[in-house]
Amino acid sequence: MAKDLDWSNLGFGYVKTDYRYVSYYKDGAWDNGQLITDDTITLSECACVFQYAQTCFEGLKAYTTIDGRIVTFRPDLNGERMENSARRLSMPVFPKERFVEGITEVVKANKDFVPPYGSGASLYIRPFMMGTNAVIGVKPATEYQWRVFTTPVGPYFKGGAKPITIRVSDFDRAAPKGTGHVKAGLNYAMSLYAITDAHQQGFDENMYLDAATRTHVEETGGANFIFITKDGTLVTPKSETILPSITRRSLLYVAEHYLNMKVEERPVPFEEVADFAEAGLCGTAAVISPVGKINDHGREICIPSGMDKMGPVLQELYDTLTGIQMGRIDAPEGWIHEIK
Ligand SMILES: *Cc1c(COP(=O)(O)O)cnc(C)c1O
């Protein structure tokens, strides 16, 4: 029986669900993994995750489609990205096939927490892994846990997506060079000061430029940029140092194959931003979040689509991708993973 939660008034906070999943790595191998009910973890004070931040994560959603199926969106890509994050942090790879099995088991076990179609809410899925044994000399752990928990989250926008104001940040997004593509707490830890400072200055988000030259657009703390030119082309930054967003990759495909738009993935000089007709942030949480204004050290760049609502092209992209996700529009082969 579905839980009696006020789905459309849920926020984005942690709500404990009944089950989680854990697989242990020891002596060079992962065990078979299992569902558990305990939501706490007890580890050595000297665990590698605490001392040297050896941990990474993923984020995706389960939701109910228009015809009542519980599905996730392209989870194989999250599994693949987590393999890459693990490699860069010298952690053993948890195979992407097992990733998909693991999240499937947890969602199935917590299916009463999956919000109904039309509520705008979803069951957020958080896979993560960490080095668990005591390590004081700097080296990778030899024991690990790969885990998944879920938490129901409310609609990202209540009453329509309002464009936000962002500022060009003097801080860099990622920790050391070459870790921008790693989805991990280390990059988020480095962004906490910058986002707190942005909020104090009255901005919703930071636009990070490339750390080496500060001339090209990278991303925000947790979402990639997409832009629409005045002639209707979708432009998105190409960079080795941004997180490869699955939402972005999906939007590029939708733009090209569903909406017959021209798409360009290429370096985007910051100076070009003032010429775009629409700007948005994309990621699993909001799909697309419109940007209305960009503040570059006091110089305001107002995006022509304005501060009232999402621009028309981004809105069409948003409607098409969410239509595919919710089962209202036919999905490309392999995009929708049914939990049954
Ligand atoms: C997760 C994340 C994104 C968005 O990726 P999606 O796969 O679309 O959710 C973008 N940037 C950063 C830094 C991220 O961690």
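Where does valine 15 lie relative to strand E1? Valine 15 is found in the segment before strand E1 (20-26), where strands (E, at least two residues) and helices (H or I, at least four residues) are DSSP runs numbered from the N terminus. This is a predicted model, in which local features need pLDDT of at least 70 and side-chain atom pairs count only at pLDDT 80 or more, while totals for chains, interfaces and linings use all residues. Residues are numbered from 1 along each chain as its sequence is written, and side-chain values use heavy atoms, with hydrogens and water left out.

**View 1. Valine 15 and glutamate 278.** Valine 15 counts as partly exposed because its relative accessibility is 28%, given that buried means under 20% relative accessible area, exposed over 50%, and partly exposed in between (1.4 Å probe, protein chains only). From valine 15 to glutamate 278 the C-alpha to C-alpha distance is 35 Å, and the two residues are 263 residues apart in sequence.

**View 2. Strand E12 and its partners E11 and E13.** From strand E12 (residues 234-237), Leu234 and Thr236 point one way, whereas Val235 and Pro237 point the other way, and all are buried. Strand E11 (residues 224-228) runs antiparallel to E12 and is joined to it by two bridges, where two strands pair if DSSP finds at least two bridges between them. Within this pairing, valine 235 is the bridge partner of phenylalanine 227. Five residues separate E11 and E12 in their hairpin, and in its turn glycine 232 has a positive phi of about 85 degrees. With strand E13 (residues 263-266), E12 pairs in the parallel sense over four bridges, and proline 237 stands opposite arginine 266 in E13. Between E12 and E13 the chain passes through helix H5 (residues 246-257), and this β-α-β crossover is right-handed, that is, with the strands pointing away from the viewer, the path from the first strand over the helix to the second runs clockwise.

View 3. An N or O atom in the side chain of lysine 183 is 2.7 Å from an oxygen atom of the ligand, and a polar side-chain atom of threonine 284 lies 2.5 Å from a ligand oxygen atom. For serine 245, a polar side-chain atom lies 2.6 Å from an oxygen atom of the ligand. Serine 245 belongs to the loop between E12 and H5, and its relative accessibility of 7% is why this residue counts as buried. The side chain of serine 245 also reaches the backbone nitrogen of arginine 248 at 2.9 Å, a polar contact being a pair of N or O atoms within 3.5 Å; within protein, one must be able to donate a hydrogen and the other to accept it, and residues adjacent in sequence count only if both atoms are side-chain atoms.

**View 4. Phenylalanine 73 and tryptophan 335.** Their ring centres are 5.5 Å apart and their planes stand at 90 degrees, so the pair is edge-to-face; rings of Phe, Tyr and Trp (its six-membered ring) pair if their centres lie within 6.5 Å, and planes under 30 degrees apart count as stacked, over 60 as edge-to-face and the rest as tilted. The pair links distant parts of the chain, 262 residues apart, with phenylalanine 73 in strand E6 (residues 70-73) and tryptophan 335 in the loop between helix H6 (312-325) and strand E17 (336-338).
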